[in-house]
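Please keep the sequence and the structure in view while reading.

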Amino acid sequence: MPRLTRKRPKPTHEESRYSERVQLSLQFALFSWLLALPTTALIFGQESEPDVDLPRPNIVFFLVDDLGWQDISVPMWIDPETGVETRTAFNDHFRTPNLEGLAARGVRFSQAYSCAVCSPTRTSILSGQNAARHKVTQWTLQPGKDQSGKTKRLQSPADWRVDGWQPEDRSLARILQESGYFTIHAGKAHWGARGTAGSDPRNLGFDVNIAGHHAGAPSSYLGTKGFGAFREGQEIWTVPGLEAWHGEEVHLTDVTTELALQAVDTALEEEKPFFLYLAHYSVHTPLEPHDPFAQPYRDAGIDEKEARYASMVEGVDKSMTEVIAHLEERGVAENTIVLFTSDNGGLTVHARGRSPLDTGQNTHNLPLRAGKGSAYEGGTRVPMIVGWAKQNDTHPAQQRLRVTPGIVRHEPVIIEDSFATVLRWAGATAKEPQTVEDEIDGRDWTELLGPQPDQLISFEGFYAQRPLLFHYPHVWGPNSPGWGYEPHSAMRLGDWKVIYFYEPQRWELYDLASDLGEQHDQSTAQPGRLNKMARRMVAELQERGAQWPTHRVSGQPEPPVLVHYEFAQPAAAALQSGQIDPSDTPLVLIHGWSEDSYSMSRQLAHFGKARRVLAIDLPGHGRSIAPSGFEGNAVHTMAAYADQVAKAMNRAGFDQAILIGHSNGAVVAREFARRHPKRLAGMVTLDGALQSIFDQASIDQICGLLYGEQRAQFLASMQAHSQPNTSEAELDRIHSGHVTTRAGVQVASFRAAADLSIWEEDVPLAVPLLAVHVEQATWSESYQAAVRALGEDVELVVWQDVGHHVQWERTDDLHALIEAWLEARGL
């Protein structure tokens, strides 16, 4: 089974490499050519004139703003295994008969996704990229101004594309325009910030722009209010170019549709195929009635907010009706394919009334959890239907692009896929990406519409194997704790979905096949699956150059962190048999360097015979994860890791514990003592002094010796003198604990420990401390004094004639020393 992406180092800006998607397309093209059969249009290729003999369909991309998965009368909740369709109260509440007609002659996608908010989705459509790669990860408005909120600790990435998408960037519309299509934009644009070139769709490849500009919502939908122009101080939200309708009793959706169809007529007069991107502002707030549709809902007892909302949905369906009718009138419906979807999940956290289930906030997308802006399914799963405007299997265009009427596809697809899919429909190609930043993430899913005559190989099983990524490192706006409206990243792989929330540093794991509403977090019950999916998600985000939220004080990025921990295996059995006294204070071993894993495993087994023991890997070491290339703020990094230790203790059921910190883990233990003093019963530090005297020059020197330019000379010296058995493999093992020469968790740990104030500031240590170190020529008396002054009960043990790591060379002695110390202090 082919894979969508390769795990590879990120190329330089000058380096151009084919992704596997490109290779797959080329292999398929070559295979088809050898058989002398027509080939599918490649996503990438040399630009050329289109084949005039091939029927080129007109394309309508019908995008609704903020329309939820359940906000139409067409059921989208269909069981993938049984095919059983669940018609809900929402489907009965909303009236969209023309969408029902499109579904009857087309294909429903039950598991289609967009981004959590609008501008990222719209940029993915134009670029074919995931939001993590194109970096327009939040909605835009004013140039240079971040519209995001902040959490207690975090703010937006420092360099996300706050001005949005611009003319120098790839554009689906421009590619279609250059291949002969008449390109029409109608409705909401929301690509570029106010005053930038990208705010005008005509600069992005559209021949015509109707009502599109920088804003993501109108001040008003009503012509009687000038679509906002009559409201003082609302100029930034006023829909442009509709002055002729100011004061008239018209609705924005109707005017946009009328002007879009006039533009279609222009395309037909010029005898060009057209690409109509009809992106309605509706059903975004403000909720204003789309008459005459609101009154029947009021008469049925629906509250005013929901009556208005339902009328806006029905108004969008009316727009679809008028588009289809006009295409039939002009004789081009049989040659026009329609893609209908939404830019994000349905709004539910505010501005809405009582749902059709008579429920309130955060329930308008049930059975999905939450809504627009959230990490949960309600924020990103959207309705999607694809079909011909008029079905005629004998029409040349429909013979070339087959759509099986009335079927449902359950393969997960995501909004960036529409780029490659539309290009294939149009027979157009995009230029080959020259850098990793320019790569295309979406894939063509045309084959899901039905058997295609120009596709010899089916990749239907491929969809379940590829990850779908959702990256939103911002605060959208409304706050509703527990519903996922906060900085997050998520990945769906098969039926499983993993979510990371950056502020609480919390992972969640769901099986969507059995838990569509994401009510049963499996992260604790399935730590192995969580670890695997978390690693995959972080790797996929890194491959796309994802930007992380930043700390509000330090300004440094905070990538996802997953701490691996394990219990001493004999502990459970020993507790049951009474061999271990459950009243004994448990131990927590904090892993430092990657090579500490051997000695820590011995300590885990040794101390686990007599008491409860929890062993923890620091992120970036062992089996814990933290992205490579992370220029972390040292003090914050240590604080974050200390909090992760506390969370691991919670899961283990430890109210208090004795912390044993190995090398860098000693710094984390000290930070834990400052942040969670009541949970600390005692502390042992091993080799902490070695790290504590490192400055940046020492760090660079050590990294250079281990895996830099001086590696070969260093290895030869080791073999010739102190350690003749040292090998390349041994250095590689040490190397695995590092990330890059001047970045990464390891170096951040060094920087934190290099600051003596980390041992001197704040309250004195209120628990016993055993500090075990080796004698170093660079040890300073001031440092030793600082350690002894940490508290009233500090025992400093310095061993001479021992290598850098006491726990490697004198393990048994170390065990005996710690046990005697614990016994002497009644721990």
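## Cysteines

The structure holds zero disulfides, a disulfide being a pair of cysteine sulfur atoms within 2.5 Å. Cys 115 takes part in none, and the nearest cysteine sulfur, that of Cys 118, is 9.9 Å away. Seen from Cys 118, the closest cysteine sulfur is that of Cys 115, and the 9.9 Å between them is too far for a bond. Cys 115 is buried, with a relative accessible area of 11%; here buried means under 20% relative accessible area, exposed over 50%, and partly exposed in between, using a 1.4 Å probe and protein chains only. Cys 118 is also buried, at 4%.

## Basis of the model

This is a predicted model, in which local features need pLDDT of at least 70 and side-chain atom pairs count only at pLDDT 80 or more, while totals for chains, interfaces and linings use all residues. Residues are numbered from 1 along each chain as its sequence is written, and side-chain values use heavy atoms, with hydrogens and water left out.

Helices (H or I, at least four residues) and strands (E, at least two) are DSSP runs, numbered from the N terminus. Strand S1, residues 58–64, is mostly covered, as seven of its seven residues are buried. Asn 58, Val 60, Phe 62 and Val 64 point one way from S1, Ile 59, Phe 61 and Leu 63 point the other way, and all are buried.

Two strands pair if DSSP finds at least two bridges between them. S1 runs parallel to strand S9 (residues 336–342), and seven bridges join the two. Among these, Val 64 has Ser 342 as its bridge partner in S9. S1 also pairs in the parallel sense with strand S8 (residues 274–279), over five bridges, and Phe 62 stands opposite Leu 278 in S8.

## Nonpolar cores

A nonpolar core is a set of buried Ala, Val, Leu, Ile, Met, Phe, Trp, Tyr and Cys residues joined through side-chain atoms within 4.5 Å. In soluble globular proteins, nonpolar side chains tend to be buried together. The largest core has 57 residues, of which Leu 242, Phe 274, Leu 327 and Phe 340 touch the most other members. At least two residues of this core come from each of S1, H3, strand S6 (182–187), helix H7 (252–269), S8, helix H9 (304–329) and S9. H9 gives the most, with 10 residues.

Contact means heavy atoms within 4.5 Å. Not counting residues up to four places away in sequence, Leu 242 touches Ala 211, Phe 227, Leu 252, Val 255 and Leu 259. A second, separate core of 52 residues includes Tyr 500, Ala 648, Leu 769 and Leu 796.

## Helix H12

Helix H12 (residues 417–426) is largely enclosed by the rest of the structure, because 10 of its 10 residues are buried. These buried residues include Asp 417, Arg 424 and Trp 425. Just after H12, Gly 427 takes a positive phi of about 70°.

## Two buried loop residues

Thr 96 is found in the loop between helix H2 (89–93) and helix H3 (97–104). Thr 96 is buried, with a relative accessible area of 1%. Leaving aside residues up to four places away in sequence, Thr 96 touches Ile 72, Ser 73, Val 74, Val 313 and Asp 317.

Pro 560 lies in the loop between strand S17 (550–551) and strand S18 (565–567), and counts as buried at 0% relative accessibility. Pro 560 and Val 538 are 22 residues apart in sequence and 7.2 Å apart in space, C-alpha to C-alpha.
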